Amino acid sequence: METNKGYLIVIGGAEDKKGDSVILKQAPQMLSKGEILTVLTTATEQPEETGRIYHGVFTRLGMDKVQILNINTRKDANQPDNCRLIESSRCLFMTGGDQLRITSILGGTRAYEAIKELYRAGGIIMGTSAGAAVMSSTMIVEGNDNQPARKCTLKMAPGLGLFDGVIIDQHFDQRGRFGRLMCAVAENPDVLGIGIDEDTAIKLYPDMHFEVIGSNAVTIIDGKTILSSNVSELRPNEILAITEATVHVIPQGYGFDLKSRKVKRMKDEE
């Protein structure tokens, strides 16, 4: 697993914007005075309103330099001025919306290369909901909520590839997405499925361990231990059969080492 120099803060959606905002507060806590946070609104079809909301939140939390970047077309994503806004940033925040808008508009563009370079150079990439789903190499686009796991009910697509070896699902417990993440792992058993609840995030460090932040939990499904599944059989829409998958559920105060695939108690290190 590749080690990167930057940080990812992957948010399950519906994060607290009005109270203590412990997740979004990571930005001012990690940035020095004068460093720029850029809110990227590509995922949403209401970029002005969404940008205005997050500008207000981050300003309230103490950020003195917040800029909004509305990239709505591939032409926008190749504009040098837009790329320079990303290059000038220390932190990039991707809003929620539609993850396919992010990948289809940014994929292969100069803006996409600027985002990857920001991360490689030690910057911080934050994303909520759709902005979280796109961080992995393979992302879930569509699947059944609040239903038993069934074969051939999942639609997946390439993500931005910032976070290798995982598939991320968001709004996890609140929308009943355990079954669809289990299907994703059954189809890709070499990866870790990471389901992130609302108002909850994982903070991924450069050494490839993460800690849980927020008020709910993170579910981790390890596909490497799967003994058997019926996912490759021909009959579609059957109930999924899967054995020996490993599942962890961890709240704040816990973390996970992606290299050893082991849960960590963060307070043990204090």
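**Entry 1**

I began with Thr38, which lies in strand β2 (residues 37-40). I take helices (H or I, at least four residues) and strands (E, at least two) as DSSP runs, numbered from the N terminus. The model is predicted, so I note its limits: local features need pLDDT of at least 70, side-chain atom pairs count only at pLDDT 80 or more, and totals for chains, interfaces and linings use all residues. Residues are numbered from 1 along each chain as its sequence is written, and side-chain values use heavy atoms, with hydrogens and water left out.

Is Thr38 buried or exposed? Thr38 is buried, at a relative accessible area of 0%. Buried means under 20% relative accessible area, exposed over 50%, and partly exposed in between (1.4 Å probe, protein chains only). I then listed what Thr38 touches, leaving out residues up to four places away in sequence: Gln67, Leu69, Leu85, Ser89, Cys91, Leu92 and Phe93. Contact means heavy atoms within 4.5 Å.

**Entry 2: the nine-stranded sheet**

I traced the sheet that holds β2. Nine strands form an open sheet with mixed pairing, in the order β3-β2-β4-β5-β1-β10-β11-β16-β17. At its edges stand β3 (66-69) and β17 (262-265), each with a single partner strand, so one side of each has no neighbour in the sheet. The twist averages 20° from one strand to the next. Strands pair here if DSSP finds at least two bridges between them. Axes are lines fitted to C-alpha atoms, for helices over the stretch in contact, and angles run from 0 to 180 degrees between N-to-C directions.

Next I looked at β4 and strand β5 (residues 124-128), which run parallel and are joined by four bridges. Which residue in β5 is the bridge partner of Phe93? The partner is Met126.

**Entry 3: aromatic rings**

I counted aromatic pairs and found five. Rings of Phe, Tyr and Trp (its six-membered ring) pair if their centres lie within 6.5 Å; planes under 30 degrees apart count as stacked, over 60 as edge-to-face and the rest as tilted. For Tyr54 and Phe93 the ring centres are 4.6 Å apart and the planes stand at 45°, so this pair is tilted. Tyr54 lies in helix α2 (residues 47-60) and Phe93 in strand β4 (residues 91-94), so the pair ties together parts that are 39 residues apart in sequence. Both Tyr54 and Phe93 are buried. Together with Phe58 they form one aromatic cluster.

**Entry 4: nonpolar cores**

I looked up the largest nonpolar core, which has 46 residues. Such a core is a set of buried Ala, Val, Leu, Ile, Met, Phe, Trp, Tyr and Cys residues joined through side-chain atoms within 4.5 Å. Leu8, Leu106, Ile125, Phe163, Phe210 and Leu258 touch the most other members. Helix α6 (residues 110-120) gives the largest share of this core, six residues. Apart from this core lies another, of 20 residues, among them Ile9, Leu61, Phe93 and Ala201.

I checked α6 for burial: its buried residues include Ala111, Tyr112, Ala114 and Ile115. After α6 comes Gly122, with a positive phi near 105°.

Phe210 has contacts with residues including Ile194, Ile220, Ile250 and Leu258, leaving aside neighbours within four places in sequence.

**Entry 5: the four-stranded sheet**

I found an open sheet of four strands, ordered β8-β9-β12-β15, with mixed pairing. Its edges are β8 (166-170) and β15 (246-251), each with a single partner strand, so one side of each is left without a neighbour in the sheet. Neighbouring strands are turned by 15° against each other on average, direction ignored. Helix α8 (residues 178-187) packs on this sheet and touches β8, β9 (192-196), β12 and β15. The direction of α8 makes about 30° with that of β12.

How many residues of β12 are buried? Six of the six are, so β12 is largely enclosed by the rest of the structure. Ala217, Thr219 and Ile221 point one way from β12, and Val218, Ile220 and Asp222 the other way.

Strand β12 (residues 217-222) pairs antiparallel with β15 over six bridges. β9 and β12 are also antiparallel, over five bridges. Thr219 stands opposite Gly195, and its bridge partner in β15 is Val249. Ile220 stands opposite His248 in β15.

**Entry 6: positive phi**

I noted Ser129, not a glycine, with a positive phi of about 55°. Ser129 sits in the loop between β5 and α7 (130-133) and is buried at 13% relative accessibility.

His171 is not a glycine and has a positive phi of about 50°. His171 lies in the loop between β8 and α8 and is buried, with a relative accessible area of 7%.
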